[in-house]
Amino acid sequence: MYNDWPDRETRTLKRGTDFDRVLLGVSVEAVKFIAADLGKVNEKFKNGVESQKTVRTQAMQLWADKSLYDLGWQLPSPIICSYGEPFDTWADLSGLLEREDWKRDDCPVSLAYFCGAMRDDAEGIIAPGKQPPNYLQDKYNDVKQNARRWLSLYTGELWPDGRRPGSSDLDYMLLHRDGGGSAQDRFDAQWFSANVDLTARYVLSLPGTVAKRLKAGDSGFDNLVLAGDWLHNGLNYGCVESAVLGGLQASRAICSYPEKLFGESDIPATSPFAGTISKAPAPPEVPQNAAVTGYVRRGGLDSAPGPWRS
């Protein structure tokens with residue numbers, strides 16, 4: 001939604017002539033701008049949309065000419081969260097290599113995905129439209145710079161055998177590039193992404209916001225159906241599974257199928273799985289005179305904060 005495309009004509013579409021129902025499958029931060037007029041006439045829609053908060057993210061993918069084991073990782077293939085920021089999540093997705101289009105005699109051995117939050121600009125969330133020259137390229141360059149710094153600080157703990165001699169920095173010569181090349185060439189051949197567009201922002205699950213989420217068929221308008229991972233769908237956090245549930249909710253709102261969505265709500269008494277999952281034990285009571293310190297916020301856990309205390 002950030003571009004320098006020139007404006008074109010404005011068209012008014014009429015219900016019954018141009019359309020019957022509208023399926024709005026757009027991420028919530030963009031909805032705040034493109035459907036702002038709906039919030040002016042429907043308080044439920046306004047609260048359901050504006051209550052949901054989002055964050056920009058950044059990501060990098062690294063292809064390496066060594067296996068995880070040869071890089072020094074001694075445990076099974078991992079998915080790790082809450083590591084060093086800003087790329088605090090790492091997943092080994094080497095299994096995807098066979099699905100990628102590599103030359104048989106010049107292909108990488110392992111593939112690592114990293115991602116994490118990215119700070120907003122000082123002025124906050126920017127409305128869609130034309131941005132300063134090179135805006136998206138500058139954000140891409142910011143991610144690459146963040147990656148260089150992160151790889152110099154944190155890869156030594158994950159891949160101790162992937163460091164440059166006498167340094168904590170990743171040895172870029174271990175990164176894969178078609179035809180080889182210099183260390184800088186290999187680094188530049190990796191994949192980096194600045195997810196700054198309104199439709200690419202990650203939807204958070206902050207305290208008090210889940211109950212305000214809308215359902216696909218409960219937008220407040222009888223001919224408007226919603227879809228997306230920002231809906232109240234049982235998972236209620238940003239992931240592909242949540243987006244699928246949002247899409248299935250939209251299908252049910254349009255054609256009444258599927259009737260039931262597993263995972264949309266707590267396990268009902270009529271479910272064949274009822275009674276098979278034990279409830280978590282109640283937390284221990286804290287004496288009234290006990291010294292309880294403040295909650296420690298950990299980076300990367302806005303979706304599912306853990307019960308850490310200082």
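Where does Asn134 lie? Asn134 sits in the loop between β5 (110-118) and α5 (135-158), and the legends below visit this residue and several others. This is a predicted model, so local features need pLDDT of at least 70, side-chain atom pairs count only at pLDDT 80 or more, and totals for chains, interfaces and linings use all residues. Residues are numbered from 1 along each chain as its sequence is written, and side-chain values use heavy atoms, with hydrogens and water left out.

**View A. Asn134 and Ser82 have positive phi values.** Asn134 has a phi of about 65 degrees although it is not a glycine. Asn134 is exposed, with a relative accessible area of 55% (exposed means over 50%, buried under 20%, partly exposed in between, using a 1.4 Å probe and protein chains only). For Ser82, in the loop between β3 and β4, phi is near 60 degrees. Most residues other than glycine have a negative phi, and most peptide bonds are trans.

View B. Pro258 lies in the segment after α7 (240-255). Helices (H or I, at least four residues) and strands (E, at least two) are DSSP runs, numbered from the N terminus.

View C. A pair of aromatic rings is described by the distance of the centres and the angle of the planes. Rings of Phe, Tyr and Trp (its six-membered ring) pair if their centres lie within 6.5 Å; planes under 30 degrees apart are stacked, over 60 edge-to-face, and the rest tilted. The count comes to 14 aromatic pairs.

**View D. Ring pairs build a cluster.** Which residues do ring pairs link into a cluster? Look for Trp73, Tyr83, Phe87, Trp90, Phe114, Trp150, Tyr154 and Trp159.
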